[in-house]
Amino acid sequence: MRILLTNDDGIHAPGLWALHAALAPGHDVTVVAPDRERTGVGHGITLHQPLRAASLAVNAAQGYAVNGTPADCVKLAVLEILDGRPDLVVSGINPGANVGVNINYSGTVAAAREAALGGIPAIAASIDGHAPRDFAPAARFVRRLADRVAAHGLRPGTFLNVNFPDVPWEEVLGVRVSRQGVSVFKEYVEKRMDPRNRPYYWQGADMQRFREDDPGIDGAALRGRYVSVTPIRCDMTDYDGLDRLHGWGLELNGHEGEA
Ligand code: MN
């Protein structure tokens, strides 16, 4: 397979190179990743400044470091750097789970979503905890998952979001196909004072707790020491909402132009 590998933690991040080590044997892997940490940039793209891709050697391999976001990396790789479209885009492995509402903020997930928007199968991979013990077993699972994606295919516009519990691999209980959780995490903003006695604010993102009890959701799978695999769709339409909205009487009833 021709695989594009990216992340939101920057081209030097160990999670990316763990994936490279697992995927490179037998696959044609190209690394195109941000030139610095881009965690939390979501699906942002760079429109008002030029993008540059610097070819550099990392860990005895070659990669492209891009001064843009994860979504920029996928666009640039597919449109310019790669010789044609890849068969698969893999993003990660991110330190820190990307489950529940975090999926909306994650640059790791956005890279996979960007691929799926273009009809390319994609996997986003993350490990719970910000100092994961070992990326290698998770990376090997991603390789297996990539083989399954190749065998079964994904619907256009759908990608896989996989999250690993931060426990030794032998303590992982299994794999759960799960739904995205939607509960709002416990968030906080810490107010501090600068040396000139002016307040500044720091958003808390590390103290989040999964509060959902439904075992079918991604965060609960992680908490239960399962690998969580969730199919995510780019189409965000609320299809039940369509019917309800039809009942709102929004039609102009012959008064077109008088809205
Ligand atoms: Mn990250």
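This note goes through the structure point by point.

1. **The model.** This is a predicted model, in which local features need pLDDT of at least 70, side-chain atom pairs count only at pLDDT 80 or more, and totals for chains, interfaces and linings use all residues. Residues are numbered from 1 along each chain as its sequence is written, and side-chain values use heavy atoms, with hydrogens and water left out.

2. **The metal site.** Which residues hold the manganese ion? Asp8 (OD), Asp9 (OD), Thr39 (OG1) and Asn94 (OD1) coordinate the manganese ion, at 2.0 to 2.3 Å. Donors here are N, O and S atoms within 2.8 Å of the metal (3.2 Å for Na, K and Ca); water is not among the atoms, so sites may look incomplete. Along the chain, the donors of the manganese ion have the spacing D-D-x29-T-x54-N. Asp8 is in the loop between β1 (2-6) and α1 (14-23), and Asn94 is in strand β5 (residues 88-95), so the pair ties together parts that are 86 residues apart in sequence. Strands (E, at least two residues) and helices (H or I, at least four) are DSSP runs, numbered from the N terminus. Asp8 and Asn94 are both buried. Buried means under 20% relative accessible area, exposed means over 50%, and partly exposed is in between (1.4 Å probe, protein chains only).

3. A cis peptide bond links Gly92 to Ile93, with omega about -5°. Most peptide bonds are trans.

4. **Two positive phi values.** Most residues other than glycine have a negative phi. Ala60 has a positive phi, near 60°. Ala60 sits in the loop between β3 (53-58) and β4 (61-66). Is Ala60 buried or exposed? Ala60 is exposed, at a relative accessible area of 91%. Asn197 is not a glycine either, and its phi is positive, about 65°. Asn197 belongs to the loop between β9 (188-193) and β10 (199-204). With 58% relative accessibility, Asn197 is exposed.

5. **Helix α1.** How many of the 10 residues of α1 are buried? Eight are, and α1 is mostly covered. The buried residues are Gly15, Leu16, Trp17, Ala18, Leu19, His20, Ala22 and Leu23. Their cover includes β1, β2 (28-34), β3, β4, β5 and α4 (136-152).

6. His27 lies in the loop between α1 and β2. His27 is buried, with 15% relative accessibility. Setting aside neighbours within four places in sequence, His27 is in contact with Met1, Ile3, Arg143 and Asp147. Contact means heavy atoms within 4.5 Å.

7. **The second largest pocket.** This pocket has about 340 Å³ of space. On a 1 Å grid over the protein atoms alone, a pocket is an open set of points with protein on both sides within 12 Å along at least five of seven lines, and lining residues have an atom within 4 Å of a point. In contrast, a cavity is a set of points where a 1.4 Å probe fits but cannot get out. Grid points are joined across faces, edges and corners, and the volume is the space filled by probe spheres set on the points. The lining includes Arg113, Arg179, Gln180 and Asp235. Strand β11 (residues 226-233) gives the largest share of the lining, four residues. By type, the lining has four nonpolar, four polar and four charged residues. Nonpolar covers Ala, Val, Leu, Ile, Met, Phe, Trp, Tyr, Cys and Pro; charged covers Asp, Glu, Lys and Arg; the others, Gly among them, are polar.

8. **Gln180 and Gly181.** Gln180 is partly exposed, at 29% relative accessibility, whereas Gly181 is buried, at 0%. Leaving aside neighbours within four places in sequence, the contacts of Gln180 include Gly100, Val101, Ile217 and Asp218.

9. **The cysteines.** How many disulfides does the structure hold? There are zero disulfides. A disulfide is a pair of cysteine sulfur atoms within 2.5 Å. The sulfur of Cys73 is 18 Å from the closest cysteine sulfur, in Cys234, which is too far for a bond. Cys73 is buried, at 0% relative accessible area. Cys234 is buried too, at 15% relative accessibility.
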